[in-house]
Amino acid sequence: MRRLRKSEQLRSLFQETHLSINDLCLPIFVEEGLDDYAPIASMPGVVRIPEKRLAYEIERIAKAGIKSVMTFGVSHHLDETGSDAWQDNGLVSRMSRICKDTVPEMVVMSDTCFCEYTSHGHCGVMHGDFVDNDATIHNLGLQAVAAARAGADFIAPSAAMDGQVAAIRRALDEAGFTDTAIMSYSTKFASALYGPFRDAAGSCLKGDRKTYQMNPMNRREALHESLIDAQEGADALMVKPAGAYLDIIRDLRECTQLPIGAYQVSGEYAMIKFAAQAGAIDETRVTLESLGAIKRAGADLIFTYFALQLAEDKIL
């Protein structure tokens, strides 16, 4: 076996999995009413972008060679239903509009959920102590149409509601957005790795989302969840988180021909960053190894906060 490993040239020639900047999508946080960039302490190197600086940042991201962003809003207009998210001049719509007006060729994926827009921090309409599934998927359709009208290329439902893909597809088609695609968070686990994201998004959640996100210990159910979304009309599927769920990515790859995305979430990012700061690991090598493992498992697209750093430093 060592005959094919004895030089860098041979190792490169016989490498099976290749990672490039084209495999990555950059998640970004955009806050309205913010005067300056706000560093996120639990995610070194990641900031909340002031809305007034979004056009500048999209130009910078595009210049680095990144072709896609996922938009997350930090809203100052919260209510019980998250209604700002489906207004034509709400933050969801403004983010897509600014991105597309600034760099029309940028592929804009609009995260479609309500946790950043509700006063209670849950992902939809509350009915007592539980999220009302059917009322929420109706509102997800409204949000999806508003984002599509503003120019979003992909609607990315992350609310983990049953039937959300079918409801969004129907709403988009009825509004004339038949070419707007759906990147479904089709297998989304109730993971402990989301903690830094909630700092980044300013989450006011009390309690947890275990009644609508998946049990991390369930492998068969994970596959079932994604295949339901495929049947409902998703154009691409996603496993979230990624690194601790490589078996799920591989299971899904073997069962579908649809593109698969995988989200290297905030906790995965933070662990690498803080371990590197402590001198325990080589940040670049571990980053590339972790992303390569996600792709090797079967992901076509990886959502990662490392994307801009890798692009600007010309590592990929």
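Reply: D251 has a relative accessible area of 14% and is therefore buried; the term buried means under 20% relative accessible area, exposed means over 50%, and partly exposed lies in between (1.4 Å probe, protein chains only). The model is predicted, so local features need pLDDT of at least 70 and side-chain atom pairs count only at pLDDT 80 or more, while totals for chains, interfaces and linings use all residues. Residues are numbered from 1 along each chain as its sequence is written, and side-chain values use heavy atoms, with hydrogens and water left out.

D251 forms a salt bridge with R219, with 2.6 Å between the closest N and O atoms; a salt bridge is a side-chain nitrogen of Lys or Arg within 4 Å of a carboxyl oxygen of Asp or Glu. This pair links distant parts of the chain, 32 residues apart, with D251 in helix α8 (residues 246-253) and R219 in helix α7. Helices (H or I, at least four residues) and strands (E, at least two) are DSSP runs, numbered from the N terminus. R219 is partly exposed, at 45% relative accessibility. In the whole structure, a search finds 16 salt bridges.

R169 takes part in two of the pairings described here. One is with D173, at 3.0 Å from N to O. R169 and D173 are about one helical turn apart, because they are 4 residues apart in helix α5 (residues 164-174). R169 is buried at 14% relative accessibility, whereas D173 is partly exposed at 34%. R169 also forms a salt bridge with D235, where the closest N and O atoms are 3.8 Å apart. That pair joins distant parts of the chain: R169 is in helix α5 and D235 in the loop between α7 and β10 (236-240), 66 residues apart. D235, with a relative accessible area of 34%, is partly exposed.

A network of salt bridges links E32, E51 and R94. E32 lies in the loop between β1 (24-31) and β2 (38-39), and E32 is buried, with a relative accessible area of 5%. The side chains of E32 and R94 make a polar contact at 2.7 Å. A polar contact is a pair of N or O atoms within 3.5 Å; within protein, one must be able to donate a hydrogen and the other to accept it, and residues adjacent in sequence count only if both atoms are side-chain atoms. Apart from neighbours within four places in sequence, E32 is in contact (heavy atoms within 4.5 Å) with residues including V74, H76 and L91.

K188, in strand β9 (residues 181-188), is buried yet has no salt bridge. The nearest side chain of opposite charge, that of D111, is 6.1 Å from K188; Lys and Arg count as positive and Asp and Glu as negative, while His and the chain ends are not counted. The K188 side chain reaches the backbone oxygen of S158 at 2.8 Å. Leaving out residues up to four places away in sequence, K188 touches S158, Y194, Q213, M214 and K240.

Finally, an unreviewed UniProt entry lists R198 and R209 under "binding site"; UniProt positions follow the numbering used here, feature names are shortened, and annotations may be inferred rather than shown by experiment. R198 is in helix α6 (residues 195-200) and is partly exposed at 26% relative accessibility. R209 is in the loop between α6 and α7 (219-232) and is buried, with a relative accessible area of 8%.
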